[in-house]
Amino acid sequence: MGLAELVLLAIGLSMDAFAVSICKGLGMKRINLKVAVILGLFFGGFQAGMPVIGWALGSQFMGIISPIDHWIAFILLAFIGGKMLWEAFTEDENEGDGKDAEKIDLANI
């Protein structure tokens, strides 16, 4: 993996963590510096640790998985795509009934 791919991966991971932290911050009734620092450390720690853990495990099992890695990717992507199609063509009884809009109350933020 080259430098450009690593930079793009880092930007994607940081956007993910930023979006989650913004949503968590908006959900807080009162801003507490201690909780904000702890949440930031957890988000940053997990965002930094997960690629390292993935690399460490991947390098240990590379000899076993390398001959079939393309099939694993195909099966995972086919499953995710099939689930998306299933959800697109099946109806959810609770979807579109307007009850979700009642849960959002700007006065409680």
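Colleague: What pLDDT does the protein average?
Modeller: This is a predicted model, in which local features need pLDDT of at least 70, side-chain atom pairs count only at pLDDT 80 or more, and totals for chains, interfaces and linings use all residues. Residues are numbered from 1 along each chain as its sequence is written, and side-chain values use heavy atoms, leaving out hydrogens and water. pLDDT is the predictor's confidence in each residue, from 0 to 100. In the protein, 85% of the residues score at least 70, and the average pLDDT is 82.

Colleague: Which element has the lowest mean pLDDT?
Modeller: Helices here are DSSP runs (H or I, at least four residues), and strands are runs of E (at least two), numbered from the N terminus. Helix H4 (residues 69-89) has the highest mean pLDDT, 94. The lowest, 56, belongs to helix H5 (residues 99-103).

Colleague: How many helices does the protein have?
Modeller: Along the sequence the pattern reads α-α-α-α-α. There are zero strands, and the helices number five.

Colleague: What percentage of the residues count as buried?
Modeller: Buried means under 20% relative accessible area, exposed over 50%, and partly exposed in between (1.4 Å probe, protein chains only). The accessible surface comes to about 9,900 Å², with 73% belonging to carbon and sulfur atoms. Of the 109 residues, the buried share is 2%.

Colleague: What distance separates the end C-alpha atoms of helix H2?
Modeller: Expected span is 1.5 Å times one less than the number of residues. Helix H2 (residues 33-60) has 28 residues, so it should span 40 Å. The model agrees: its end C-alpha atoms are 40 Å apart.

Colleague: Which residue caps the N-terminal end of H2?
Modeller: Look at the backbone nitrogen of Lys-34. A side-chain oxygen lies 3.3 Å from that nitrogen, and it belongs to the capping residue, Asn-32.

Colleague: Which side chains meet in a salt bridge?
Modeller: The rule asks for a side-chain nitrogen of Lys or Arg within 4 Å of a carboxyl oxygen of Asp or Glu, and the count comes to one. At 2.4 Å, N to O, the pair is Glu-87 and Lys-83.

Colleague: How are the planes of Phe-42 and Phe-46 set, stacked or edge-to-face?
Modeller: Rings of Phe, Tyr and Trp (its six-membered ring) pair if their centres lie within 6.5 Å; planes under 30 degrees apart are stacked, over 60 edge-to-face, and the rest tilted. The whole structure holds two aromatic pairs. Phe-42 and Phe-46 have ring centres 6.3 Å apart and planes at 15°, so this pair is stacked.

Note on methods. Areas by Shrake-Rupley, 256 points an atom, 1.4 Å probe, with all protein chains shown as cover. Polar contact = N/O pair within 3.5 Å; in protein donor to acceptor, adjacent residues only side chain to side chain.
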